[in-house]
Amino acid sequence: MNEQTTAPKIKKETKNKIRVEFDRVSGWDRFKLKYLTWRFLGLSIFKLFRLVLLVGISYVIIYPFIAKFAASIMSPSDITDVTVKLISKNPTLDQYKYIILENDFTKALINTTVLSLTAALIQAFSCCLVAYGFAKFKFKGNKFLFMLVILTMVVPHGVLRFSMRQNFASYEIAGIYPLLNKLGLTAETGINLLNTNTPLYLMSLGAIAFKNGLYIFMLRQFFKGVPDELEESAYIDGSGVFRTFFTIILPLSVPMMVTVFLFAFSWQWTDNFYTELFYIGVSEKPTLMPDIVKVPPKLTPEAGWPTKATGDWTSAVKNTAGILIMAPLMIVYLFCQRFLVQGIERSGIVG
């Protein structure tokens with residue numbers, strides 16, 4: 001039998017003795033032993049380099065937001081003054097005031113919140129259900145259907161623009177209207193769902209809305225990591241598929257569902273592709289967040305504002321509108337960032 005060698009243990013008395021001997025050394029000698037060493041120099045250089053690198057990266061990321069906010073509180077005289085860069089000489093909140101009052105910010109906030117919140121909640125649930133089916137059930141065509149889901153992330157939405165509009169202009173389910181036409185009960189080809197939010201809700205319910213392929217992929221990766229023993233135990237206890245899904249799987253997937261909800265909410269918040277697609281007339285279209293990105297009448301040259309730097313002034317006003325659009329998203333992120341980080345980590349799409 002080989003003898004096992006063990007490292008000598010340092011007793012408590014030995015530690016105390018070393019500490020006492022170190023305390024007896026003069027302050028200058030202790031300073032040299034602690035700081036005037038190559039190890040300390042190397043650590044100091046590494047920490048300084050890391051600090052400079054992080055500050056530089058943070059500056060590059062944060063500077064555009066700082067510049068936008070600085071321009072949002074500038075007066076027209078600051079815009080035309082070449083000596084003003086970030087710090088305003090005559091700060092004012094007129095840009096925020098007139099955008100809120102004249103660009104229907106309150107109406108846009110309410111309409112966009114209702115639309116984004118409803119669509120995001122529906123997408124979080126529908127994508128979760130579809131992803132669970134792909135991850136836990138083996139059936140013919142599983143991989144092929146999932147490939148089609150991934151394909152929805154590749155196909156440009158502009159290619160399907162005309163077909164989607166025509167589909168919801170005469171929307172019908174399971175051939176009901178052709179059957180009614182044959183019976184002579186109606187001459188219509190379908191229900192006209194344009195100029196309403198219904199197309200967006202139906203697409204969300206079918207998990208085929210904007211970026212839903214990405215959500216299904218993320219949730220499928222998460223469900224593949226859930227142990228099968230949890231479901232098997234539930235089935236042994238007499239629980240069905242849907243009861244298992246609602247009582248066991250959904251509570252486990254809360255962080256991932258919050259992540260999907262935040263993504264869906266954010267993308268719907270600033271979307272103008274689908275809203276302009278399904279709302280044909282300008283008068284029928286509700287005021288949404290992208291609609292406030294314009295110069296209010298009281299901030300135009302016709303209202304007495306200087307025309308020397310109209311382009312710069314227009315850009316500053318639109319950037320201010322962008323800040324107002326981002327503000328609610330930032331507030332939501334502050335409250336849900338913990339779930340967002342957990343969901344991204346558990347999705348398996350990062351290393």
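Predicted model: local features only at pLDDT ≥ 70, side-chain atom pairs only at ≥ 80, totals over all residues.
A polar contact is a pair of N or O atoms within 3.5 Å; within protein, one must be able to donate a hydrogen and the other to accept it, and residues adjacent in sequence count only if both atoms are side-chain atoms. Residues are numbered from 1 along each chain as its sequence is written, and side-chain values use heavy atoms, with hydrogens and water left out.

**The chain as a whole**

- The protein chain has 16 helices and 0 strands; helices (H or I, at least four residues) and strands (E, at least two) are DSSP runs, numbered from the N terminus.
- Of the 351 residues in the protein chain, 31% are buried, meaning under 20% relative accessible area with a 1.4 Å probe, protein chains only.

**Around Gln95**

- Gln95 sits in helix 5 (residues 94-102) and is buried, with a relative accessible area of 0%.
- Leaving aside residues up to four places away in sequence, Gln95 touches Ala71, Ser72, Ile73, Met74, Leu299, Trp313, Ala316, Val317 and Thr320, where contact means heavy atoms within 4.5 Å.
- A polar atom of the Gln95 side chain lies 3.0 Å from the backbone oxygen of Ala71, and the backbone oxygen of Met74 lies 3.1 Å from a polar atom of that side chain.

**Helix 6 against helix 10**

- Helix 6 (residues 105-136) packs with helix 10 (residues 198-205) at an angle of about 20 degrees, their axes 8 Å apart; axes are lines fitted to C-alpha atoms over the stretch in contact, and angles run from 0 to 180 degrees between N-to-C directions.
- The two helices are therefore roughly parallel to each other, a label for angles under 35 degrees.
- From helix 6, Val114, Leu115, Thr118, Ala119, Ile122, Gln123 and Ser126 meet Leu200, Tyr201, Ser204 and Leu205 in helix 10.
- By class, this contact has 7 nonpolar, 4 polar and no charged residues; Ala, Val, Leu, Ile, Met, Phe, Trp, Tyr, Cys and Pro count as nonpolar, Asp, Glu, Lys and Arg as charged, and the others, Gly among them, as polar.

Notes. Buried < 20%, exposed > 50% of the residue type's maximum accessible area, 1.4 Å probe, protein only. Parallel < 35°, antiparallel > 145°, perpendicular 65-115°, else oblique.
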